[in-house]
Structure formats: structure tokens, C-alpha cells
Amino acid sequence: MPKLTKCLSVAAVVLAAVTGAARAQQDFPTKPIQLMVAFPAGGSTDIAARIVASIAEKALGQPIVIVNRGGAGGQIGWTELVRQKPDGYYIGFINLPATNTVILDPERRATFTEKDFTPIINQVLDPGVIWVRADSAYKTVQDLIDAAKKSPGTIRAATTGILSDDHLAILMTEEAAPGAKFRLVHLEGGAAQFKEIMAGNIDVAFDNVGSIVKRVQSGEVRALAVMDDARSKFLPDVPTMKELGFPAVISSSTRGVAGPKGMPGPLVAKLRDILKKAMEDPEHVKKLEEQGLAIKIMIGDEYEKYFAETHAKAKKYTEWAKNRPPM
């Protein structure tokens, strides 16, 4: 084959491939989209995912199928997510800072880094909260901190898992109140926290607002403080740690949608726009508020910046957690 003819043939193949890829992006989606949740069905991430998916799929014109890949604190699901083709047909929820600490903890031996995700849009920012049983002797955060100073390592404080946002929140509290040391008890999620608190096996829980709003309203538990800059609309009578003199104790769990790295810009933009409209839909807002979940839409540079800042903060406390004496 003459050299010129060969070059023209190669160019034609490349042009066809580029044109085909462009057409595929323009026609996207032509089949169902899988939306992975890295936790079992029934949790707050799963509930919120199903709500937004049911609204967004109407605009996309294709079903959005929720795929639960629970296990290893989210690591199984996120490992599967980053291994997918970046064609938009398999996306998933990332939970910050849980995703960050899986990456940062050397013992987890994660096969992915923060650079292996394409952030698309954040849905929820669920502030941290400190709570006790309704009849607890601890009426305020100061009561709790005073006890943790007087008898270090005896106040049993529950998290929803090692290096979860709740675990980091306890470390932040100890840092902000020198001399206070809690006895850490790592449990499997909010249901286990509630069970152990009510049984009297745990003194205090570090958790998220969305997990306990209804139990506060029913009078079963007492919220001592919200770990955010402003009071929660769901717990308006509960002070923030900032109000109580601990402005650095800011903790939350965010739930947002991401894909594997390398997703083409047009696909990211289309998914972002569809999901954003779904999250702004009154039905979505109403249903999430009924769950006590605060919507916090972040896209583009804002979301990428939040991811980076959360990763940096999580790195500090992950390293500290590794060096903290067991107690």
C-alpha cells in the first residue's frame, strides 16, 4: 500500500473513532445507568440516592439502577467504581471524609487515590452531632468534657466506624479541649450506636444529624451540640460547638456523585445538570427534609475544592488517630 494511501486510511480510522465517540456522548444515555452506593440498602446514603435517582431518570430517559456494594467501610464499592469505564454508565456515591480516610489509612491498602475519581455533584452535607440518652447525667457538652478531663479514658464514646467522620470528630474535640480523653468504641453504624446507648453500654455518641433527628423529637435522646458553623434547621434548639467555644470542631458527612477518572467533559456536564435539577426539585427537597438530611449542592470547582480540603483535613486526623494511645 502506498505510503500516502496508508496514512489516509489511518486518518480515516481515527476520524471515525473520534466521530463515533462524539456521537455516543451526544446520544448519551442509550441504556440504563448504574448508580453505586458503597453501603447496604436502607442507610441514609442509600435512601437519598434512591430519591434523587427516581427523579433524575425521568429527564435522562433511561432508568437509573441503584447498585449496593457494601463492605469494608465503603472500600469495596469505591474500588469497583474507579475500575469502571469512564463512559458515564457506572457512577457512584462518594462519602467524604470516609472515602478520604480509606485512601489515607495505610492499613487499608486501597488500590485507588483521590485522583481516581471524577467529582460530579454533591447532594447532602449532614453535620456531626454529639448526643446522649435522654436521662443521661451529661446535660451539656461542658459536662461531658469536664468528665473526660477528670477521668480520662473512662467516658465511652461511640463512633460509626474506625476513621469515620465521627471518629475524627472525637479527635477534634480532644484537640480543642486539652486534657479530655474519651474511651473510643467503634461500632457498625447508627443503629448499633442507638442500641448500645439505650442499653447503657455507651455514654455518648458522635454521629450525624440525619441519624437522630426523629429520636430527638421523640424524646428518646438528647442532642448536646451540632458540629457546624450554624445551627441545624432540623435541631434549631441545639447549640453549635462554635457557640459553645469550640470553633474548630466542625464535622460532617457529605454524600455526592462521582465517576471514575477520565470521564469526558460533555458527559460530566450532562449528568451534573440533570442531577442538579433533580436535587432542586420540590419532591426531592421535601423527601430529604423528611429524613433530616440537609441538601448541599456543590458542583465544578466548588466540589473539587471541597474534596481537596476535606482530604487535607482527614490526613491530619488520620495520622493522629494512628499515633493516639489506645484508650
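Here are some questions and answers about the pockets, helix contacts and backbone details of this predicted model.

User: Hello! How much space lies in the largest pocket?

Analyst: The largest pocket is lined by 48 residues. Closest to its centre are Phe39, Thr160, Glu188, Gly189 and Gly190. The space in the largest pocket comes to about 1300 Å³.

User: Which helix gives the largest share of the lining of the largest pocket?

Analyst: Several elements supply at least two residues each, among them helix 2 (44-60), helix 4 (98-104), helix 6 (165-176), helix 7 (189-198) and helix 8 (209-218). Strands take part as well, including strand 3 (90-96), strand 7 (204-208) and strand 9 (252-260). The largest share is 6 residues, and the element that provides them is helix 8.

User: How many residues in the lining of the largest pocket are charged?

Analyst: Let's go through the classes. The lining has 18 nonpolar residues and 20 polar ones. The remaining class, charged, has 10.

User: What about the second largest pocket: which residues are the closest to its centre?

Analyst: This pocket holds about 540 Å³ of space. Its lining is made up of 26 residues. The ones closest to the centre are Leu125, Asp228, Ile250, Ser252 and Tyr306.

User: Which element supplies the largest share of the lining of the second largest pocket?

Analyst: Strand 4 (117-133), helix 6, strand 10 (295-299) and helix 11 (300-323) each give at least two residues to this lining. By class, the lining has 14 nonpolar, 4 polar and 8 charged residues. The largest share, 5 residues, belongs to helix 11.

User: How many cavities of 30 Å³ or more are there, and how much space lies in the largest cavity?

Analyst: Rolling a probe the size of a water molecule over the atoms shows where empty space is left. The count here is 1 cavity of 30 Å³ or more. The space in the largest cavity is about 40 Å³.

User: Which class do the residues lining the largest cavity belong to: nonpolar, polar or charged?

Analyst: The lining consists of Ile33, Leu35, Leu60, Ile64, Ile91, Leu271 and Leu275. Strand 1 (33-37) and helix 9 (265-280) each contribute at least two residues. With 7 nonpolar residues, no polar and no charged ones, the class is nonpolar.

User: How are helix 9 and helix 10 oriented to each other?

Analyst: Two packed helices are described by the angle between their axes and the distance between the axes. Here the axes of helix 9 and helix 10 (residues 282-290) lie 4 Å apart, at an angle of about 60°. In the contact, Ala278, Met279 and Glu280 of helix 9 meet Pro282, His284 and Val285 of helix 10. The two helices are therefore oblique.

User: And how are helix 2 and helix 10 oriented to each other?

Analyst: Their axes come within 10 Å and cross at roughly 170°. Angles over 145 degrees count as roughly antiparallel. So the orientation of helix 2 and helix 10 is roughly antiparallel.

User: Which residues of helix 10 meet helix 2?

Analyst: On the helix 2 side, the contact is made by Ala48, Ile51, Val52, Ile55 and Lys58. By class, the contact has 5 nonpolar, 1 polar and 3 charged residues.

User: Is Arg109 buried or exposed?

Analyst: Arg109 lies in the loop between helix 4 and strand 4. Its phi is near 50°, a positive value in a residue other than glycine. A residue over 50% relative accessible area counts as exposed. Arg109 has 73%, so Arg109 is exposed.

User: Is Leu163 buried or exposed?

Analyst: Leu163 is placed in the loop between strand 5 (156-159) and helix 6. This leucine has a positive phi, near 60°. Since buried means under 20% relative accessible area, Leu163, at 3%, counts as buried.

Note on methods
Residues numbered from 1 in each chain as written. Predicted model: local features only at pLDDT ≥ 70, side-chain atom pairs only at ≥ 80, totals over all residues. Heavy atoms only, no water. 1 Å grid on protein atoms, 1.4 Å probe; cavity = no way out; pocket = protein on both sides within 12 Å on 5 of 7 lines; lining within 4 Å. Points joined across faces, edges and corners; volume = space filled by probe spheres on them. Nonpolar A, V, L, I, M, F, W, Y, C, P; charged D, E, K, R; others polar. Axes fitted to C-alpha atoms, helices over the stretch in contact; angles between N-to-C directions. Parallel < 35°, antiparallel > 145°, perpendicular 65-115°, else oblique. Contact = heavy atoms within 4.5 Å. Buried < 20%, exposed > 50% of the residue type's maximum accessible area, 1.4 Å probe, protein only.
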